[in-house]
Amino acid sequence: MADVPDPEARIAALQAELAALRADMQHFTYAVSHDLRAPLRHILSYAQLVQEDAGPLLSAEVQEFLATITDSARHMGVLLDGLSALSRVGTAPVNTCAVSLQELVPGVWNALAAQHPGRAIEWQLAPDLPSVQADAALLRQALSQVLDNAVKFSAQRRLAVIEVNTAAESPGGFVTLQVRDNGVGYNPAQQDQLFKVFGRLHSSQQFEGIGMGLVLTKKIVERLGGAVCIEGEANNGCTVRLQFKSTRQD
């Protein structure tokens, strides 16, 4: 009779295989985001030189072509910046400690409010937000992405209302932080696009950005041992739920 594989050994092998695949993907992302920069700089630099030296001699149509080249090269640079940020999140050391959401959240949204001095934004913060087990720097980065999205996608509202609270602690010892906004929301049929690299649910003419915020958020929260989920409706805002380990010891 054939030997029955040891379940624990099989699980360990699968975990090692998954870790190797993640490492390979991390190296690939790093290589793409860094090794493409030199040729991109050359494209942009030489296109700009042609514009400066030969611009007056070129037809309006050719000048338009050159403008498209430089604009596209700059946009590719922004995309590479996004990939670099994703790569850094995957390799950054995680120093877990108790982090007070009651102290962290106001600091994040005060920084965002300062970036939008002309906006009418009503921030609604629940009292006595708990502490969670997390890396303070990574958690701040994740919250900045989520709250920045809430500000961005509520830009068409006369008064943006952004609410931050927590759901009841789950039996597994997790705290769920909820961020709700009254923005444009999204079509639920596009749900599978939310966490794709460079995935966008709205055109760049409507809202700026490259579609990396939620990808970065998901990667950060998962590195902290949590999870992310989002619900939304078209023209009716959305709710982002971030799940973190509680500091409470049962």
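This note sets out numbered points on a predicted model of one protein chain.

1. Basis of the values. The model is predicted, so local features are reported only at pLDDT of at least 70 and side-chain atom pairs only at pLDDT 80 or more, whereas totals for chains, interfaces and linings use all residues. Residues are numbered from 1 along each chain as its sequence is written, and side-chain values use heavy atoms, with hydrogens and water left out.

2. Secondary structure. The protein chain has 6 helices and 7 strands; helices (H or I, at least four residues) and strands (E, at least two) are DSSP runs, numbered from the N terminus. Read from the N terminus on, the order of elements is α-α-α-β-α-β-β-α-β-β-α-β-β.

3. Of the 250 residues in the protein chain, 34% are buried. Here, buried denotes under 20% relative accessible area, exposed over 50%, and partly exposed in between (1.4 Å probe, protein chains only). A contact is defined by heavy atoms within 4.5 Å. Among contacts with a separation of 6 or more, 70% join residues 24 or more positions apart.

4. The nonpolar core. The largest nonpolar core comprises 46 residues; such a core is a set of buried Ala, Val, Leu, Ile, Met, Phe, Trp, Tyr and Cys residues joined through side-chain atoms within 4.5 Å. Leu 139, Leu 143, Leu 147 and Leu 242 have the most contacts inside this core. Helix H5 (residues 136-153) gives the most to this core, namely 8 residues. In soluble globular proteins, nonpolar side chains tend to be buried together.

5. Leu 139. This residue is found in helix H5 and counts as buried, at 0% relative accessibility. Not counting residues up to four places away in sequence, Leu 139 touches Val 99, Leu 101, Leu 104, Val 132, Ala 134, Leu 224 and Phe 244. Leu 139 and Leu 224 are separated by 85 residues in sequence, while their C-alpha atoms are 8.3 Å apart.

6. Leu 242. Leaving aside neighbours within four places in sequence, Leu 242 is in contact with Leu 143, Val 146, Val 175, Thr 176, Leu 177, Thr 217, Val 221, Ala 227 and Val 228. Leu 143 is also listed with Leu 242 among the core residues that have the most contacts.

7. The largest pocket. Its volume is about 690 Å³. On a 1 Å grid over the protein atoms alone, a pocket is an open set of points with protein on both sides within 12 Å along at least five of seven lines, in contrast to a cavity, where a 1.4 Å probe fits but cannot get out; lining residues have an atom within 4 Å of a point. Grid points are joined across faces, edges and corners, and the volume is the space filled by probe spheres set on the points.

8. The pocket lining. The lining of the largest pocket contains 34 residues, with Asn 149, Lys 152, Gly 211, Met 212 and Gly 213 nearest the centre. At least two residues each come from helix H3 (60-91), H5, strand S5 (174-181), helix H6 (213-223) and strand S7 (238-246); H5 supplies the largest share, 7 residues. By class, the lining divides into 18 nonpolar, 10 polar and 6 charged residues. In this scheme Ala, Val, Leu, Ile, Met, Phe, Trp, Tyr, Cys and Pro count as nonpolar, Asp, Glu, Lys and Arg as charged, and the others, Gly among them, as polar.

9. Arg 180 lies in strand S5 and Glu 163 in strand S4 (residues 160-166), 17 residues apart, and the pair links distant parts of the chain. Arg 180 is partly exposed at 29% relative accessibility, as is Glu 163 at 26%. Glu 231 forms a salt bridge with Arg 241, with a closest N to O distance of 3.4 Å. Glu 231 belongs to strand S6 (residues 227-232) and Arg 241 to strand S7, so this pair ties together parts 10 residues apart in sequence. Glu 231 is partly exposed at 48%, whereas Arg 241 is buried at 19%.

10. The side chains of Glu 222 and Lys 218 meet in a salt bridge at 2.7 Å, N to O. Because these residues are 4 apart in helix H6, about one helical turn separates them. Glu 222 is partly exposed at 43%, and Lys 218 is partly exposed at 27%.

11. Thr 239. This residue is found in strand S7 and is buried, with a relative accessible area of 12%. Beyond four places in sequence, Thr 239 touches Gln 178, Val 179, Arg 180, Cys 229, Ile 230 and Glu 231.

Conventions. A salt bridge is a side-chain nitrogen of Lys or Arg within 4 Å of a carboxyl oxygen of Asp or Glu.
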